[in-house]
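Student: Hi! Could you walk me through this one while I have it open?
Tutor: Happy to, let's have it on screen.
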Amino acid sequence: MRFLKIFYLIGLLLIILSCTKTEEKPDLVVDIKVSKNGYEPNVITVERNKVVLFRITAVDEGIEQEPNSKYYGHCFYILPPYDVMVENIKNGETREVKVKMIYPGHHIFTCPYCVDFFPTKGDIYVK
Ligand SMILES: [Cu+2]
(Lines give C-alpha, C1' and ligand atoms only; values in the text may rest on other atoms or scores of the structure.)
Protein backbone atom coordinates (compact mmCIF):
# COMPACT_ATOMS: atom_id res chain seq x y z
CA MET A 1 0.00 0.00 0.00
CA ARG A 2 2.78 2.38 0.95
CA PHE A 3 4.71 1.41 -2.19
CA LEU A 4 1.71 2.26 -4.33
CA LYS A 5 1.56 5.68 -2.75
CA ILE A 6 5.23 6.30 -3.55
CA PHE A 7 4.75 5.21 -7.17
CA TYR A 8 1.74 7.46 -7.43
CA LEU A 9 3.71 10.43 -6.12
CA ILE A 10 6.62 9.76 -8.49
CA GLY A 11 4.17 9.55 -11.40
CA LEU A 12 2.53 12.80 -10.40
CA LEU A 13 5.92 14.51 -10.12
CA LEU A 14 6.94 13.30 -13.59
CA ILE A 15 3.73 14.69 -15.06
CA ILE A 16 4.32 18.06 -13.40
CA LEU A 17 7.98 18.18 -14.49
CA SER A 18 7.20 17.24 -18.08
CA CYS A 19 4.57 19.93 -18.48
CA THR A 20 5.87 22.38 -21.07
CA LYS A 21 2.86 24.70 -21.19
CA THR A 22 3.56 27.49 -18.75
CA GLU A 23 2.16 30.66 -17.22
CA GLU A 24 5.64 32.19 -16.87
CA LYS A 25 6.46 35.55 -18.46
CA PRO A 26 7.48 35.04 -22.10
CA ASP A 27 11.05 35.75 -23.21
CA LEU A 28 9.95 36.18 -26.82
CA VAL A 29 6.91 36.23 -29.06
CA VAL A 30 6.61 34.20 -32.25
CA ASP A 31 3.78 35.17 -34.62
CA ILE A 32 2.67 32.43 -36.98
CA LYS A 33 0.09 32.44 -39.76
CA VAL A 34 -1.54 29.20 -40.86
CA SER A 35 -3.50 28.51 -44.03
CA LYS A 36 -3.87 25.85 -46.72
CA ASN A 37 -0.44 27.02 -47.92
CA GLY A 38 1.08 25.93 -44.59
CA TYR A 39 2.63 27.86 -41.72
CA GLU A 40 4.41 31.17 -42.13
CA PRO A 41 7.12 30.97 -40.85
CA ASN A 42 7.55 27.19 -41.02
CA VAL A 43 11.04 27.10 -39.50
CA ILE A 44 11.51 28.50 -35.99
CA THR A 45 14.75 28.55 -34.03
CA VAL A 46 14.74 29.29 -30.29
CA GLU A 47 17.14 28.99 -27.40
CA ARG A 48 16.67 26.23 -24.89
CA ASN A 49 14.75 27.04 -21.67
CA LYS A 50 13.23 30.22 -23.10
CA VAL A 51 9.52 30.79 -22.63
CA VAL A 52 7.97 31.40 -26.04
CA LEU A 53 4.58 32.99 -26.55
CA PHE A 54 3.25 31.53 -29.80
CA ARG A 55 0.51 33.64 -31.41
CA ILE A 56 -1.14 31.64 -34.16
CA THR A 57 -3.50 33.26 -36.64
CA ALA A 58 -5.59 31.22 -39.09
CA VAL A 59 -6.09 33.02 -42.38
CA ASP A 60 -8.51 30.54 -43.94
CA GLU A 61 -11.03 27.92 -42.85
CA GLY A 62 -8.91 24.79 -43.35
CA ILE A 63 -10.34 21.49 -44.53
CA GLU A 64 -13.98 22.20 -43.61
CA GLN A 65 -16.12 25.08 -44.88
CA GLU A 66 -18.80 24.89 -42.21
CA PRO A 67 -17.83 26.73 -38.98
CA ASN A 68 -19.71 24.20 -36.83
CA SER A 69 -17.90 21.16 -38.23
CA LYS A 70 -15.56 19.28 -35.96
CA TYR A 71 -12.47 19.89 -38.10
CA TYR A 72 -13.16 23.50 -39.02
CA GLY A 73 -10.13 25.76 -38.74
CA HIS A 74 -6.50 24.90 -38.18
CA CYS A 75 -4.39 23.64 -35.28
CA PHE A 76 -0.98 24.30 -33.86
CA TYR A 77 0.27 21.01 -32.49
CA ILE A 78 3.88 20.57 -31.31
CA LEU A 79 4.55 16.84 -31.26
CA PRO A 80 5.82 15.03 -28.13
CA PRO A 81 7.75 15.43 -25.97
CA TYR A 82 6.21 18.93 -26.07
CA ASP A 83 2.72 17.65 -26.87
CA VAL A 84 1.19 21.14 -26.97
CA MET A 85 -2.11 21.48 -28.86
CA VAL A 86 -4.12 24.52 -29.88
CA GLU A 87 -7.21 23.33 -31.78
CA ASN A 88 -9.98 24.83 -33.91
CA ILE A 89 -8.30 28.15 -34.71
CA LYS A 90 -10.99 29.77 -36.82
CA ASN A 91 -10.46 31.88 -39.92
CA GLY A 92 -9.31 35.33 -38.74
CA GLU A 93 -8.82 34.23 -35.14
CA THR A 94 -5.54 34.53 -33.21
CA ARG A 95 -4.88 32.13 -30.35
CA GLU A 96 -1.98 32.09 -27.88
CA VAL A 97 0.00 29.45 -26.05
CA LYS A 98 3.09 29.80 -23.89
CA VAL A 99 5.64 27.01 -24.02
CA LYS A 100 8.86 26.54 -22.10
CA MET A 101 11.35 25.12 -24.59
CA ILE A 102 13.01 22.58 -22.31
CA TYR A 103 13.69 19.86 -24.88
CA PRO A 104 16.63 20.53 -27.20
CA GLY A 105 16.83 19.38 -30.79
CA HIS A 106 14.50 19.19 -33.77
CA HIS A 107 10.74 19.17 -33.18
CA ILE A 108 7.76 19.22 -35.53
CA PHE A 109 4.57 21.23 -35.38
CA THR A 110 1.58 20.45 -37.53
CA CYS A 111 -2.17 20.66 -38.06
CA PRO A 112 -3.59 17.13 -37.60
CA TYR A 113 -6.85 18.28 -39.25
CA CYS A 114 -5.41 18.99 -42.66
CA VAL A 115 -1.77 17.86 -42.92
CA ASP A 116 -2.79 14.98 -45.22
CA PHE A 117 -4.07 17.51 -47.76
CA PHE A 118 -2.03 20.67 -47.23
CA PRO A 119 1.62 21.38 -46.31
CA THR A 120 0.71 22.37 -42.75
CA LYS A 121 3.91 21.23 -41.13
CA GLY A 122 6.87 23.10 -39.67
CA ASP A 123 10.12 22.68 -37.76
CA ILE A 124 11.26 24.03 -34.42
CA TYR A 125 14.95 23.91 -33.59
CA VAL A 126 15.77 24.30 -29.90
CA LYS A 127 19.46 25.16 -29.50
CU1 LIG B 1 -5.20 22.84 -40.76
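Student: Which residue forms a salt bridge with Glu 23, and how far apart are the closest N and O atoms?
Tutor: That's Lys 98, with the closest N and O atoms 3.8 Å apart. The pair links distant parts of the chain: Glu 23 sits in the loop between helix 1 and strand 1, Lys 98 in strand 7, 75 residues apart. Keep in mind that this is a predicted model.
Student: Is Glu 23 buried or exposed?
Tutor: Exposed, because its relative accessibility is 72%.
Student: And what does Lys 100 meet in a salt bridge?
Tutor: Glu 24, at 3.4 Å from N to O. Lys 100 lies in strand 7 and Glu 24 in the loop between helix 1 and strand 1, so the pair ties together parts 76 residues apart in sequence. Lys 100 is partly exposed at 24%, and Glu 24 is partly exposed at 38%.
Student: How many salt bridges in the whole structure?
Tutor: The search finds 5. Another one of them joins Arg 95 and Glu 93, at 3.8 Å.
Student: New topic: how many disulfides?
Tutor: The count is 0. For Cys 75, the nearest cysteine sulfur is that of Cys 111, 4.0 Å away, whereas the cut-off is 2.5 Å. Cys 75 counts as buried, at 0% relative accessibility.
Student: Last one: what's the strand order in the open sheet?
Tutor: It runs 3-9-8-5-6, with mixed pairing. Strands 3 and 6 stand at the edges with a single partner each, so one side of each has no neighbour in the sheet. The twist averages 15° from one strand to the next.
Student: Which way do strands 5 and 8 pair?
Tutor: Antiparallel, over 2 bridges. Tyr 77 stands opposite Thr 110 in strand 8.

Methods. Residues numbered from 1 in each chain as written. Predicted model: local features only at pLDDT ≥ 70, side-chain atom pairs only at ≥ 80, totals over all residues. Heavy atoms only, no water. Pairing = 2+ DSSP bridges. Helix = DSSP H or I, 4+ residues; strand = E, 2+ residues; numbered from the N terminus. Axes fitted to C-alpha atoms, helices over the stretch in contact; angles between N-to-C directions. Buried < 20%, exposed > 50% of the residue type's maximum accessible area, 1.4 Å probe, protein only. Salt bridge = Lys/Arg side-chain N within 4 Å of Asp/Glu carboxyl O.
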